[in-house]
Amino acid sequence: MTKIESELMRRWLNGWTLARSLPEAEAVESAESAGDGLRSRCDQPGREVEVFALRADEDPASLARLAAVVAAAGQTTWLTVPTLRPGSVEAAVNAAGLELLHRSEWLMTADLAEHPRHAPAAPYEREVRTEGPVTVVSLHDSSGEVAARGTIAVVGADAVADRVETDPAHRRRGLGRAVMGLLAEAAAAQGARTGLLIASAEGQRLYSSLGWRREADVVIARGPVDPSSR
C-alpha cells in the first residue's frame, strides 16, 4: 500500500469510528515502530478490538509485527489490511496463524458532487435524520417497517458511508441506490466532497455502478486462534 492508500485509510477510519460512536483510534505501539497501524476498540462480541494496517505494502515487516500483536492478543482482535497485493497479505496473515475472514472487500472513493441521486419508488418512504456530522437514512415500506438503511459521517471534506443494508425481502428494487443517493446528498450539504467506504463483495457492484472507484483490496483476519480449532 502506498502512502496515498495509507492516508485514505486514516481518513476512512476517522469517519468510521464517528459513524459507529467509537472512541478515536490509537496508534499500535511496538518496539520497532509506532507507525505500523491503528487500534480501535469495537466492543462487539467476537470483534472486541480491530487493528488497521497502514504500511503493509511499503513495509511488509510492519504487517508481520501487527499480525504478531493480533496473534498474542488477550481478546478477539481483527486485523484489517488495505493492500494492492492481497495475495502477499493473505500469505503473511496465514503464516502468523491468524484466521482469514474475508477475501473480497474493497476500499472505495467517490466524488460526492457527481454522485447519482435516485428517489425511492412507491410505496417506500424516506426518513433522513441528521445529528451533528452523522446522518442516518431509512426507507420504510407501506407497513412502516425499515426496508433499507445506511449511515454516513462527515469529517471535514470527507464522508464515510457505513452499514448500508437492504432487507432481503426488499432487494432488487433500487433501494440501495436510493439510500446511497440520499446519503451522498446529505453529506454534500454539510460540505463533504469525497466519499469513502469499505465495500463487501455484495456491495461492490452497486457502488461501482454509482461511480465509486476501487482504491485497494481489503484483507481481514482474526486472532488469536484457539489451536484446538485448527
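Student: In which sense do strand E2 and E3 pair, and over how many bridges?
Tutor: Strand E2 (residues 37-44) pairs with E3 in the antiparallel sense, over 6 bridges. Two strands count as paired if DSSP finds at least two bridges between them. Strands (E, at least two residues) and helices (H or I, at least four residues) are DSSP runs, numbered from the N terminus. The model is predicted, so local features need pLDDT of at least 70 and side-chain atom pairs count only at pLDDT 80 or more, while totals for chains, interfaces and linings use all residues. Residues are numbered from 1 along each chain as its sequence is written, and side-chain values use heavy atoms, with hydrogens and water left out.

Student: Which residue in E3 stands opposite Leu38?
Tutor: Leu38 stands opposite Phe52.

Student: And what lies between E2 and E3?
Tutor: There are 2 residues between them, and the two strands form a hairpin. In the turn, Gly46 has a positive phi of about 80 degrees.

Student: How does E3 pair with strand E4?
Tutor: E3 and strand E4 (residues 77-83) pair in the parallel sense over 4 bridges. The chain passes from E3 through helix H2 (residues 60-71) to E4, and this β-α-β crossover is right-handed. Right-handed here means that, with the strands pointing away from the viewer, the path from the first strand over the helix to the second runs clockwise. Glu50 stands opposite Trp78 in E4.

Student: Is E3 mostly covered or uncovered?
Tutor: Strand E3 (residues 47-53) is mostly covered, with 6 of its 7 residues buried. Buried means under 20% relative accessible area, exposed means over 50%, and partly exposed is in between (1.4 Å probe, protein chains only).

Student: What is the order of the strands in the sheet?
Tutor: The open sheet has 11 strands, in the order E1-E2-E3-E4-E11-E5-E10-E9-E8-E7-E6, and its pairing is mixed. E1 and strand E6 (125-131) are the edge strands, each pairing on one side only. Elsewhere in the sheet, E5 and E11 run antiparallel and are joined by 8 bridges. His102 stands opposite Ile220 in E11.

Student: Changing topic, how many salt bridges are there?
Tutor: The count comes to 11 salt bridges. A salt bridge is a side-chain nitrogen of Lys or Arg within 4 Å of a carboxyl oxygen of Asp or Glu. One of them is between the side chains of Asp162 and Arg20, at 2.7 Å from N to O. Asp162 is in strand E9 (residues 158-166) and Arg20 is in the loop between helix H1 (3-19) and strand E1 (26-27), so the pair links distant parts of the chain, 142 residues apart.

Student: Are those two buried or exposed?
Tutor: Asp162 and Arg20 are both buried.

Student: What about Asp36, which residue does it bridge to?
Tutor: Asp36 forms a salt bridge with Arg65, with the closest N and O atoms 2.8 Å apart. Because Asp36 lies in the loop between E1 and E2 and Arg65 in helix H2, the pair ties together parts that are 29 residues apart in sequence. Asp36 counts as buried at 1% relative accessibility, and Arg65 counts as buried at 19%.

Student: And which residue forms a salt bridge with Glu99?
Tutor: Its partner is Arg222, and the closest N and O atoms are 2.9 Å apart. The pair links distant parts of the chain, as Glu99 is in strand E5 (residues 99-111) and Arg222 in strand E11 (residues 213-223), 123 residues apart. Glu99 counts as partly exposed at 32% relative accessibility, and Arg222 does so at 25%.

Student: Which residues do shared partners join into one network?
Tutor: Salt bridges that share partners join Asp36, Arg55, Asp59 and Arg65.

Student: Where is Asp57?
Tutor: Asp57 is in the loop between E3 and H2. Asp57 is buried yet has no salt bridge, and the nearest side chain of opposite charge, Arg85, is 4.4 Å away. For charge, Lys and Arg count as positive and Asp and Glu as negative, while His and the chain ends are not counted.

Student: Lastly, how many residues of H4 are buried?
Tutor: In H4, 11 of the 15 residues are buried, so this helix is largely enclosed by the rest of the structure. Among the buried residues are Leu175, Val179 and Met180.
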